[in-house]
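Dear colleague,

Please find the structure below, handed over for your own work.

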Amino acid sequence: MNLKPGVGKTTSAVWLAHALHESGLSPLLVDGDPASSALRWSELAGGFPFPVIALPVGDVHRRVNDFLGNRQAVVLDAPQMEDHPRITRSIMRYAGEWIVPVTPAPIELDRMAPILGEMADVQSLRAEPARSAVLLNRTNRPEATRTGPDADAREALTERGFEVLDTHIARLDLYAQSFGNPVQAKGSAYMDFAEELIKRQEEA
């Protein structure tokens with residue numbers, strides 16, 4: 001989830017769902033965006049090896065379990081909160097882990113300030129608090145991630161109170177040009193992302 005569009009929410013959700021599937025879990029991908037980008041991606045790719053449902057509604061948290069069956073994980077693609085707050089907040093009420101994709105650019109970091117307030121508001125509606133973390137997306141070379149602007153972004157986000165995942169997603173055509181195509185997550189950073197989330201779940 002994020003307040004803004006264009007940060008890679010749908011790409012992250014689709015690749016994560018594939019990574020969970022290839023890890024041996026059976027995910028359900030919920031497309032909560034009225035634009036239905038994840039569902040359309042699945043259609044163009046000839047179908048994904050797991051179900052994709054469209055639920056761009058303000059009571060997602062009440063309806064997801066009707067479609068869950070024996071699925072072991074749910075990935076929810078939220079729309080930008082600034083345009084669809086009811087849907088995004090409903091998704092946040094359901095999800096046990098909130099992932100905020102962020103590109104390490106000053107303008108994107110500046111937009112992060114209001115998100116903590118939104119998170120606090122939704123936490124107050126939950127019986128148990130959700131975990132939350134930032135996923136650095138479209139990062140530069142690995143060495144730049146350790147020492148350059150990406151590292152500065154990680155430090156800045158940490159200082160503002162965000163937890164930043166160890167995994168980051170590099171700026172690659174592999175991801176940027178993948179919409180509408182079949183996805184194979186093996187060997188990609190999204191497998192690392194899935195493994196980190198599974199570990200966080202086990203520790204929780």
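**Pockets and core**

The second largest pocket has a volume of about 200 Å³ (a pocket is an open set of points on a 1 Å grid over the protein atoms alone, where a 1.4 Å probe fits, with protein on both sides within 12 Å along at least five of seven lines; lining residues have an atom within 4 Å of a point; points are joined across faces, edges and corners, and the volume is the space filled by probe spheres set on them). Among its 15 lining residues, T11, N137, R138, Y175 and A176 are the closest to its centre.

This is a predicted model, in which local features need pLDDT of at least 70 and side-chain atom pairs count only at pLDDT 80 or more, while totals for chains, interfaces and linings use all residues. Residues are numbered from 1 along each chain as its sequence is written, and side-chain values use heavy atoms, with hydrogens and water left out.

The largest pocket has a volume of about 880 Å³. Of its 34 lining residues, V74, V75, G96, E97 and L197 are the closest to its centre.

In helix α6 (residues 113-123) (a DSSP run of H or I, at least four residues), I115, E118, M119 and V122 are buried (under 20% relative accessible area, 1.4 Å probe, protein chains only). They lie on the same side of α6, because they cover an arc of only 100° around the axis (taken from the directions from the helix axis to the C-beta atoms). Leaving aside neighbours within four places in sequence, I115 is in contact with M1, N2, L3, V100 and F162 (heavy atoms within 4.5 Å).

Yours sincerely

Notes: Buried < 20%, exposed > 50% of the residue type's maximum accessible area, 1.4 Å probe, protein only. Helix = DSSP H or I, 4+ residues; strand = E, 2+ residues; numbered from the N terminus.
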